[in-house]
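Hi there,

Here is the structure I promised to pass on. Have a look at it, and then read on for what turned up.

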Amino acid sequence: MDHHIVPVELQKAYRLLNHGPTVLVSASHEGVENVMSAAWSCALDFAPPKVTLVLDKATATRPLVEKSGYFVLQVPNMAQLQLTYDVGHTSANDTPDKLAKAGVRLFRVEGYEVPLVAGSSAWLICKVLPEPRNEQVYDLFIGEVVAAYADDRVFQNGHWAFEKADPRWRSLHYIAGGNFYAIGEAVVADTNKT
């Protein structure tokens with residue numbers, strides 16, 4: 001594992017998603033791995049930390065999540081712009097070698113079988129909390145974050161440091177039609193005003 005990847009305290013894991021980034025979703029089962037991008041995910045709870053994720057029935061990633069009971073949410077960055085677009089607009093159902101074509105490099109962390117996408121800014125390993133009705137009717141999955149990691153070049157002391165990091169680390173926010181925004185500059189409200 002890259003020496004810049006550091007554990008994030010679980011009680012602060014929600015901060016990795018709180019700014020609403022597009023995510024990469026990875027999963028595997030019985031030797032099959034896949035990665036897709038998703039715009040519809042968010043933090044749900046603090047203790048234990050939970051997330052929500054919408055996974056359409058037509059995706060190749062969904063059956064891997066359903067069978068393994070795990071998924072990883074990654075926070076991609078500007079350096080992964082094309083990769084993020086490509087894995088979101090190409091299905092492994094139609095293009096079995098989509099990960100190789102998109103240049104996806106995977107790694108694992110000790111104790112977990114799920115693949116993580118190298119080069120991302122943050123990773124949340126999630127165990128599915130089964131909610132069959134939500135999953136079937138709304139394609140909505142709930143995951144408990146069981147481990148979280150971030151790259152210390154952009155996440156430091158429990159906080160994002162986009163304003164200090166190289167712009168390549170800025171998170172991506174999908175709009176439509178291949179258009180993304182990169183996170184902007186930090187601004188601070190007066191917290192002493194009542």
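Predicted model: local features only at pLDDT ≥ 70, side-chain atom pairs only at ≥ 80, totals over all residues.

To start with, is Asp97 buried, partly exposed or exposed? Asp97 is partly exposed, at a relative accessible area of 38%. For the labels, buried means under 20% relative accessible area, exposed means over 50%, and partly exposed is in between (1.4 Å probe, protein chains only).

Residues are numbered from 1 along each chain as its sequence is written, and side-chain values use heavy atoms, with hydrogens and water left out.

Now the salt bridges (a side-chain nitrogen of Lys or Arg within 4 Å of a carboxyl oxygen of Asp or Glu). Searching the whole structure gives nine of them.

Asp97 pairs up with Lys101, with 3.9 Å between the closest N and O atoms. Lys101 is exposed, at 61%.

Then there's Glu33 with Arg108, at 2.9 Å. Glu33 sits in strand 3 (residues 32-38) and Arg108 in the loop between strands 7 and 8, so this pair ties together parts 75 residues apart in sequence. (Strands are DSSP runs of E, at least two residues, numbered from the N terminus.) Glu33 is partly exposed at 31%, and Arg108 is partly exposed at 37%.

Arg153 and Asp151 form another bridge, at 2.8 Å.

Cheers

Conventions
Helix = DSSP H or I, 4+ residues; strand = E, 2+ residues; numbered from the N terminus.
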